Amino acid sequence: MAIEQVKEYFRAFGMEERIQELSESSATVELAAQALHCAPKRIAKTLSFLLNDGAILVVAAGDARIDNPKYKARFGAKAKMLSPEQAETMVGHAVGGVCPFAVRPGVRVFLDESLRRFETVFPACGSANSAIELTLPELERYSGAEDWVDVCKGWEA
């Protein structure tokens, strides 16, 4: 199970105990915010896309949506989300628990500017009822993010 891989990943950093396994679902931004008692915008949702036959992840704030023209300008292709089957196969996590930790080799990770407004955010940890609270420097480090991007709209500055 993917959450076990994420726990193992964080165990290497002595951070496994920071993973929260929730009694209720955190599979959507709204459910995660309810379960974690925080504003939905602080949920760091991980969106998975197909790019040049590979998978990329964009971690964005819960209130942000992909801006297709910005995405195309940054990545040189139209935004095409992975199907649930592709996400599980290509990324290694099922939809509802997709996160930038313990992903399959070759998966590229990007952090969206919409996250920069927060001290800490809550990404999932490989299951539909898990999360971890991380500072932005921690998110950068543990996600292995390649770069910060500006590919979202609809979020409040």
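Where is the place of L111? L111 sits in strand β5, where strands are DSSP runs of E with at least two residues, helices are DSSP runs of H or I with at least four residues, and both are numbered from the N terminus. The model is predicted: local features need pLDDT of at least 70, side-chain atom pairs count only at pLDDT 80 or more, and totals for chains, interfaces and linings use all residues. Residues are numbered from 1 along each chain as its sequence is written, and side-chain values use heavy atoms, with hydrogens and water left out.

The whole protein comes before the details. Its secondary structure consists of five helices and ten strands. The radius of gyration is 14 Å, close to the 15 Å given by the globule rule for 157 residues, so the protein is as compact as a globular protein of that length. This radius is taken over C-alpha atoms, and the globule rule is 2.2 Å times the number of residues to the power 0.38. Along the principal axes, the C-alpha atoms fill a box of roughly 40 × 35 × 25 Å.

Of the 157 residues, 48% count as buried; buried means under 20% relative accessible area, exposed over 50%, and partly exposed in between, with a 1.4 Å probe and protein chains only. The accessible surface comes to about 7600 Å², and 50% of this belongs to carbon and sulfur atoms. Such areas come from the Shrake-Rupley method with a 1.4 Å probe, and for residues only the protein chains shown count as cover. Among contacts (heavy atoms within 4.5 Å) with a separation of 6 or more, 65% are between residues 24 or more positions apart.

L111 gives a local view. At 0% relative accessibility, L111 is buried. Apart from its neighbours within four places in sequence, L111 is in contact with V59, L139, E140, S143, A145, D147, W148 and V149. F75 is 36 residues from L111 in sequence, and the two are 13 Å apart in space, C-alpha to C-alpha.

Charged side chains come next. The protein has 18 positive and 22 negative side chains, and the centres of the two sets lie 6 Å apart. Lys and Arg count as positive and Asp and Glu as negative, while His and the chain ends are not counted. The place of a charge is NZ of Lys, CZ of Arg, CG of Asp or CD of Glu.

There are eleven salt bridges, each a side-chain nitrogen of Lys or Arg within 4 Å of a carboxyl oxygen of Asp or Glu. One of them joins K7 and E4, with the closest N and O atoms 4.0 Å apart. Both residues lie in helix α1 (residues 2-11), three residues apart, about one turn of the helix. K7 is buried at 14% relative accessible area, whereas E4 is partly exposed at 43%.

R42 forms a salt bridge with E133, the closest N and O atoms being 3.3 Å apart. R42 lies in the loop between α2 (29-36) and β2 (43-51) and E133 in the loop between β7 (130-131) and β8 (134-135), so the pair ties together parts that are 91 residues apart in sequence. R42 is partly exposed at 23% relative accessibility, and E133 is partly exposed at 32%.

In the salt bridge between D63 and R117, the closest N and O atoms are 2.6 Å apart. This pair links distant parts of the chain, 54 residues apart: D63 is in the loop between β3 (54-61) and β4 (65-66), and R117 in the loop between β5 (108-112) and β6 (120-123). D63 is partly exposed at 21% relative accessible area, and R117 is partly exposed at 26%. Salt bridges that share partners also join E4, K7 and E21 into one network.
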